[in-house]
Amino acid sequence: EAHSVINFTASIGHESVLGPFSVVSPGCLISGRTEIGARTFLGSGAITYPRSRIGDDCTVSAQGVVARKLDDGCRLIAKPNAMILPPDDTP
């Protein structure tokens with residue numbers, strides 16, 4: 001959608017949707033039917049499984065692998081440990 005960035009060597013599969021103001025960094029592999037929300041950032045080399053759903057305002061670190069749904073505001077951090085942090089509830 002509008003104002004999104006898809007960098008060099010990124011691959012976007014069929015029927016995938018990239019929300020407005022989102023960024024796909026170099027080397028990302030976005031599988032088919034993946035939905036990426038608004039203002040979401042995928043670091044270099046991030047990979048999604050087919051039919052993944054990444055919410056709004058999410059961050060996926062470099063080399064992160066999205067194998068399931070990420071709710072709005074989540075951060076998936078692959079290095080040094082794999083973890084998903086819930087949205088920050090502070091005002």
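A nonpolar core here is a set of buried Ala, Val, Leu, Ile, Met, Phe, Trp, Tyr and Cys residues joined through side-chain atoms within 4.5 Å. Buried means under 20% relative accessible area, exposed means over 50%, and partly exposed lies in between, with a 1.4 Å probe and protein chains only.

Before you select anything, note that this is a predicted model: local features need pLDDT of at least 70, side-chain atom pairs count only at pLDDT 80 or more, and totals for chains, interfaces and linings use all residues. Residues are numbered from 1 along each chain as its sequence is written, and side-chain values use heavy atoms, with hydrogens and water left out.

**Stop 1: the core**

Select Cys28, Ile30, Ile36, Leu42, Ile54, Val60 and Leu70. Within the largest nonpolar core, which has 14 residues, these touch the most other members. Now center on valine 60 and show its contacts (heavy atoms within 4.5 Å). Setting aside residues up to four places away in sequence, valine 60 touches Phe41, Leu42, Gly43, Ala46, Ile54, Val66, Leu70 and Leu76.

**Stop 2**

Helices (H or I, at least four residues) and strands (E, at least two) are DSSP runs, numbered from the N terminus. Threonine 48 sits in strand 8. Is threonine 48 buried or exposed? It counts as buried because its relative accessibility is 1%. Its side chain makes a polar contact with the side chain of threonine 34 at 3.2 Å. A polar contact is a pair of N or O atoms within 3.5 Å; within protein, one must be able to donate a hydrogen and the other to accept it, and residues adjacent in sequence count only if both atoms are side-chain atoms. Beyond its neighbours within four places in sequence, threonine 48 is in contact with Leu29, Ile30, Ser31, Thr34, Ile54 and Val66.

Next pick isoleucine 47, also found in strand 8. Isoleucine 47 has 31% relative accessibility and so counts as partly exposed.

**Stop 2: serine 52**

Move on to serine 52, in the loop between strand 8 (47–48) and strand 9 (53–54). With 5% relative accessibility, serine 52 counts as buried. Apart from neighbours within four places in sequence, serine 52 is in contact with Arg33, Thr34, Glu35 and Val66.

**Stop 3: salt bridges**

Side chains of opposite charge can pair when their charged atoms come close. A salt bridge is a side-chain nitrogen of Lys or Arg within 4 Å of a carboxyl oxygen of Asp or Glu, and the count here comes to 4. Among them is glutamate 35 with arginine 53, whose closest N and O atoms are 3.8 Å apart. Glutamate 35 lies in strand 6 (residues 35–36) and arginine 53 in strand 9, so this pair ties together parts that are 18 residues apart in sequence.

Then select arginine 39 and aspartate 57, whose side chains meet in a salt bridge at 2.7 Å, N to O. This pair links distant parts of the chain: arginine 39 is in the loop between strand 6 and strand 7 (41–42), and aspartate 57 is in the loop between strand 9 and strand 10 (59–60), 18 residues apart. Lysine 69 forms a salt bridge with aspartate 71, with closest N and O atoms 3.8 Å apart. Lysine 69 is exposed, at 55% relative accessible area, whereas aspartate 71, at 45%, counts as partly exposed.

**Stop 4: loops to finish**

Select proline 26, in the loop between strand 4 (23–24) and strand 5 (29–30).

Finally, threonine 9 has a positive phi of about 60° although it is not a glycine.
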